[in-house]
Every structure is written in structure tokens, then in C-alpha cells.
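Open the structure in your viewer and follow the stops below in order.

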Amino acid sequence: MHSLLPFILVLILLIVFLTIFANKLKVAYPILLVLAGLAISFVKGLPILKIDPDLIFFVFLPPLLYEAAWGVSFKEMKKWWRIIGSFAFLVVFFTAFLVAIISNHIIPGFTIALGFVLGGIVSPPDAVSTGAITKFVKIPKTTTAILEGESLLNDASSLIIFRFALVAVGTGQFIWQDAGLNFLWMLFGGVGIGLLVAQIFIWIHKHLPTEAASDIALSLISPYFMYWIAEQIHCSGVLAVVAGGLFMSSQRLNYLAASSRIKGASVWESFVFLLNGMVFLLIGLDLPEIVAGIRAHGTPLGTAIGYGVLITIVLIAARMISAFAAMLATIIFRPQVAHQQQFSTRRWYTPLLMGWTGMRGVVSLAAALAIPLTLPNGEAFPHRNLILFITFVVILLTLVIQGLTLPYLIKKTNPFKGYINEEENHQSSKIKMKLGLKSHVYTFIKNNYESQHPDDPAMQRILKYWEDQSKVQDNSWMNGVSKKMLLEIFSQQRIYLTNLNKEEEYDEELIRNQIYQIDLEEERIILVFDKQ
């Protein structure tokens, strides 16, 4: 352990540096992390990172899914539920079926059940990879909402396929009636457990005298409880975390104080960043070991690479076929949407790009590593190393090839011509919302406090401030000069407070709290300026 800890710390440092470098190059950081992990794995004498397959789901998936559920817009998910549902379930089942049939025909000794194991592993696209790649190009919020909503649910559907396929491989049979009942129990039981555990944690937040630190600690353990309890009664732990996370996210204002929300967001951002970074590094680090495994079983490396390339082509083709099928279904069954100007301008390029966003990543890796080493009868799991290798090839190819070319394709085809209007409407709604909010606050103060405290100078100052705010239509006063001046003022305030902290009469906590307020104000100014 003492020799492994410095290695892990160096990997974390490498994740930070590579992410900074990726942002400079405007390349998605998962791509560099995978390639770096692969390069490091060839260095002789380094410790070997091994994770228990039984723990891989429990360690990585719950917090990643929980954080994604907090970040997604439930409102947008309800708005686009048809296409999200079709991509998260129908497309995943279709993809897994194609992978199972083709792998059964091309890989010697590969049964249909093993094909579905592989299909369940590689069928779900990775939201982290897609988000990291698309942040360098402008895409409509509707497309982002669809991709985010799909990524939340397709993990559950693919892992359900994976679980049933594992049972079929282990028992040698598949009973459809039992499978149907088990599927319903996993589906509804998982959602129910997630909502129940979420209600318990919300009650704890509300009724116990928690503060920001304890609130954050509770938020860190809640997804693990959701997942673990659901798995103990053979429900879908993934669905439990997704359902519980969505519910707690929608209720966050009712049980979390502002300080808990602000500090918790920073903690979760760093935590999930490190988890994702470690997973993508593991992808590269474990590849040489998997290569040794397939060679030990007599499979030529070139043949195994060929299998991986073919499965990758199948995945891309299946997603594109599904995207065009969804477009045709919209034209036939929802012509009012199909004839909208925005839809017509994106008609042919959008399905192509939706099909090209199928980068694989964290969930596929976790599922592959979770394949048991042996069957229930004690025999070695058939073709385990080959399945792992194909999964790694799929992740590498989709990340590197699709990941590097997706921004170029979006810029080249320019499928989102209606996006400018969408952005203008969004900015107009934002200005209207802010003006209405300021007017509401001014009216509230005037009606409830002005008559009660007519001679109070502090009250008059507050009223005057909100009266002025309610008359400001937008943030057009903010420009490069004013931003530079304000940032210099904030810097001077920090310098003054830092020097003030050297004097004995001032408590350091008081100084730190004031600096934190300045930091929040600086973030607000930067956000206002950057969004103009």
C-alpha cells in the first residue's frame, strides 16, 4: 500500500496537468487521459492497479450517476421524453441485439449469450466524453438535454441487458417469463428504492441540525446507499441512483441551505472530476494486461483488434440507423415538428451527428471489469479477456476517432443554423426574468417594509438600491473596461483584507468569510460578462 499510494498521487497530479493541457489544445480531456494511461502502462517497474470486479460498480458508478442526475434538467427531460426514451431503451436494445448476432457469427465459440454480454457492455454512450468534447463547439440546448437525458437512462437499460446475459451464460438457459418478471422488478423496484432512500435523506437534512460540511457528507454517501440497498434486493441500483438523484435535485431548495449548495457544488465537481480521470487512465493502464490475457488463450492480437474494429463499426452504424429512423418517425407521426424551420435546416445533418456522438467510456469500462472471473460452477468465464479487449478497443476508437472529429464535423456541416435564434430567445428570456425578479423584490420591500420604517436610513437605502435595480434592463453597462476595473478592485480588497489579517484584533474567520463574499461577487461579474 505504501508503494501504491505515491503512484496514485502521481496519477492524480497527471490528471490535473493533462486536463489543463487538453483545455489549452481544445481537446476533450478523456482522449488525452486514455492515451496517457496507455503510454504509462508500457513503463516497466510501475505498480499494477487492480480493482476487485465485484466493487467496480459500487466504487465508481453511484457518484457519477448521482452527479449527472443533479446536473440534468428534469424539465427538459419531460419535454423531450420521446426521443430520450427511444435512444435510452430502444436504441440500446437494438444495438445490443446487433452486437450479439454479429459477434456470434464472426467470433469462434462466441454464443448468443456472450454476444449480449458484450452488447450490454458497449451499447451505452458515455455522457462525460460527449460533454467534454461538445464544450468546445456551440450546440443547441435541446440537443444537449437529449444527450444528457439519454446518458442517464441508457446506463440502466444496458446494465439490465448485461445482468440478464450474465445469468444466461452462467446457467446455460434463458427463461423469458422469469426474465420479464425480473425486468419489471428491477425497473420499478429500483425506482421505488431510489425515491424511498431519497425521502429518508431529505428528512435527515430537514430535521437534523446539519451544516454545510455535514450536508455535503450526506450527499456523498446517499448515492452509495441507494445503489447498495437496491442491489441487496436484486433491483437496479443504477435506476435507484438516477431516480433518487433526480428527486433530490428537484427538491434541493427545500432542504439545503445556500452555503451547502455553493460549497457542495465545488466538492462534487472536484470529486467527480477525479473519479472520471482515474477511470479514463485505468482504460489505458489495463490494456497491456488484457493483451497478455488474450495471447495466453491463443487469440492473435491482430484478430482481436479486427473484432474490436468491427464491433465499433456496428455500434456507429446502429446509432446512425437509429437516429435516421427517429427522424423519419418524426416526419411521419409528428409532421408539425418536422415542418418547423429549425428542424428542416438540421434534417439530414443532425441524425448523422447524433450517431457520431456515441463515444464509449466509464460505464462500459466498469461493466467489462465487473465480469466475474469464474462461472457459478467454478469454470473460468468464457472469452472474458477477449470481451475486455474488444471493449477497450471500442472505447479507444470511439474516443480518439469520433472524439477528435466531432467538433470538426459540427463546424463543417453547421447543422444548427437555428441555434442563433435560440440563443437570442434565451438571452431575451434571461433579461426578462432578471427584470421581473428585481421588480418583484422592489414591490415586496415597498409594500411590506416602507410604511413600517419610513425614517430608517438603512431601509431607505435598501429600497433605493432595489428601485435602481428594477430599472436596469440588462447588463449592457458591463464592458471590458468596467470588468477590468472591477476585477482590480476585488484584487485590492483581497490584498487589504490579507494585510488586515496580520493585526491581532481581527479574527481570521471573519476575514476569510469576507474574502469568500468577494470571490462570489467576482464569479458573478465574470459570468455576466462572459454570457453577453
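**A tour of the chain**

Of the 532 residues in the protein chain, 45% count as buried (under 20% relative accessible area, with a 1.4 Å probe and protein chains only). The model is predicted, so local features need pLDDT of at least 70 and side-chain atom pairs pLDDT 80 or more, while totals for chains, interfaces and linings use all residues. Residues are numbered from 1 along each chain as its sequence is written, and side-chain values use heavy atoms, without hydrogens and water.

Colour by secondary structure: the protein chain has 23 helices and zero strands (DSSP runs, H or I of at least four residues for helices and E of at least two for strands, numbered from the N terminus).

Next, select Phe57, Val117, Ile121 and Ile387, the residues with the most contacts inside the largest nonpolar core, which has 119 residues. Such a core is a set of buried Ala, Val, Leu, Ile, Met, Phe, Trp, Tyr and Cys residues joined through side-chain atoms within 4.5 Å. Helix α13 (residues 258–296) gives the most to this core, 14 residues.

Stay on Val117. Beyond its neighbours within four places in sequence, Val117 is in contact (heavy atoms within 4.5 Å) with Phe162, Ala165, Leu166, Val169, Ile371 and Ile387.

Last, select Ala156, Leu159, Ile160, Arg163, Met186, Tyr227, Glu231, Ser236, Gly237 and Val238, which line the second largest cavity (on a 1 Å grid over the protein atoms alone, a set of points where a 1.4 Å probe fits but cannot get out; lining residues have an atom within 4 Å of a point). The largest share of this lining, four residues, comes from α8.

Notes
Buried means under 20% relative accessible area, exposed over 50%, partly exposed in between (1.4 Å probe, protein chains only). On a 1 Å grid over the protein atoms alone, a cavity is a set of points where a 1.4 Å probe fits but cannot get out, and a pocket is an open set with protein on both sides within 12 Å along at least five of seven lines; lining residues have an atom within 4 Å of a point.
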